[in-house]
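Please read it alongside the model.

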Amino acid sequence: MTLRVVSRWLSNQVVCVAMHVSPCEREEWAQAMSREVDEIPSDREALRWALGCLQTSCHERLKSMRLTSWWPVRWGMALWIALLAVDTLFYAGITLTYKSGLFTEHYPYPRNVPLLEVTPLWEPMLALVAGVVFLLAIVLILRCSRIALGAVVAPFAIMLLLFAVRFSRPESGYLQSLSIAYQQSHYALIWPIAGLAITIVICLALWHDSQTPAPR
Amino acid sequence: MALVRKRSRQTLALLVALMERPRTWQHGYELSKETGLKSGTLYPILIRLSEQGLLNSRWKDAERPGRPARHVYRLTATGLALAHEQMEVSVDSESGLRPIKAGAR
């Protein structure tokens, strides 16, 4: 087998893969790209063309894919949103319980009492709403609903707002605790940043899915 | 005055190539050679233009017997109008409308 034959064979194989990768609605385009290979006189150029076809097919396949149609992605997203829901509902629950007077005698975290005292009632109420919407988002994600994006973005925005409010209040001690954690380990800030990044990635994935037509 | 969204340099190069011979159906490889665009860049643009109703495509029987039909392209009336509009927008801009030849990026 000469190099020329190998190169042509490889081009044809790459084109075959590109045809398989291409989504159904792009079948005509995949054929159009592949048929040009036979018209290219140079073997090297034909191989480059075939690789370009594969690139286009992969691009089109990714564009047409709904990420939530793949169950590990869907369940991964739901698990992360569940963690956010638990975190938000825990904060809302503990603050509202204290505010309702149930913890005055035996509150287990006395260090937090000054902070709870100055926390206005609307904050845990808002957190409660956010937590409930997060729970709703879990159901919507698992059902591949297009409105899941809104159900994640809205409580996420509320959470960011609550964090901003808490950071702006000096008695909250948030900045101090972050500063102490950073002094203990420079990597301590990775976790909150990673958490933020994961939620943003989930929002982007849901946005991508809401823009992608349902598979035929 | 209505704002005209400026297209990418690659799209402009393709529009120019198609605009130069508006009545001629052109093959993908021919367009690639003319614009210097690789197939991985050319076809996503062709697909997008076609979906936007700016490009017509059809299968044309091969000139040589025994060969399969090939896809050919030309601009629609809307596409041609847009190409003229884009040329006016870009004629004074830095990117210009030069074809993108290999290694000239």
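The report covers the basis of the model, the interface, the pocket and the cavities.

## Basis

This is a predicted model: local features need pLDDT of at least 70, side-chain atom pairs count only at pLDDT 80 or more, and totals for chains, interfaces and linings use all residues. Residues are numbered from 1 along each chain as its sequence is written, chains are lettered from A and ligands numbered from 1 in the order in which they are written, and side-chain values use heavy atoms, with hydrogens and water left out.

## Interface of chains A and B

Contact (heavy atoms within 4.5 Å) links 21 residues of chain A with 22 residues of chain B. The two chains bury about 2,000 Å² between them, 59% of it on carbon and sulfur atoms. Buried area is the accessible area (1.4 Å probe) lost on putting two parts together, summed over both. A:Trp29, A:Glu39 and A:Trp49 supply 34% of the area that chain A buries against chain B, more than any other three residues.

Three salt bridges cross the interface. The rule asks for a side-chain nitrogen of Lys or Arg within 4 Å of a carboxyl oxygen of Asp or Glu. One of them joins B:Arg70 to A:Glu39 (3.7 Å, N to O). On chain A, α2 (27-37) and α3 (43-64) each supply at least two residues of the side that touches chain B. Helices are DSSP runs (H or I, at least four residues), numbered from the N terminus. α3(A) gives the most, with nine residues.

## Largest pocket

A pocket is an open set of points on a 1 Å grid over the protein atoms alone, with protein on both sides within 12 Å along at least five of seven lines; lining residues have an atom within 4 Å of a point. The largest pocket holds about 1,400 Å³ of space, a volume being the space filled by probe spheres set on the points, which are joined across faces, edges and corners. It has 40 lining residues, and A:Asp87, A:Phe163, A:Arg166, A:Tyr174 and A:Ser177 are the closest to its centre. α4(A) brings the largest share of the lining, nine residues.

## Cavities

A cavity is a set of grid points where a 1.4 Å probe fits but cannot get out. The count is two cavities of 30 Å³ or more.
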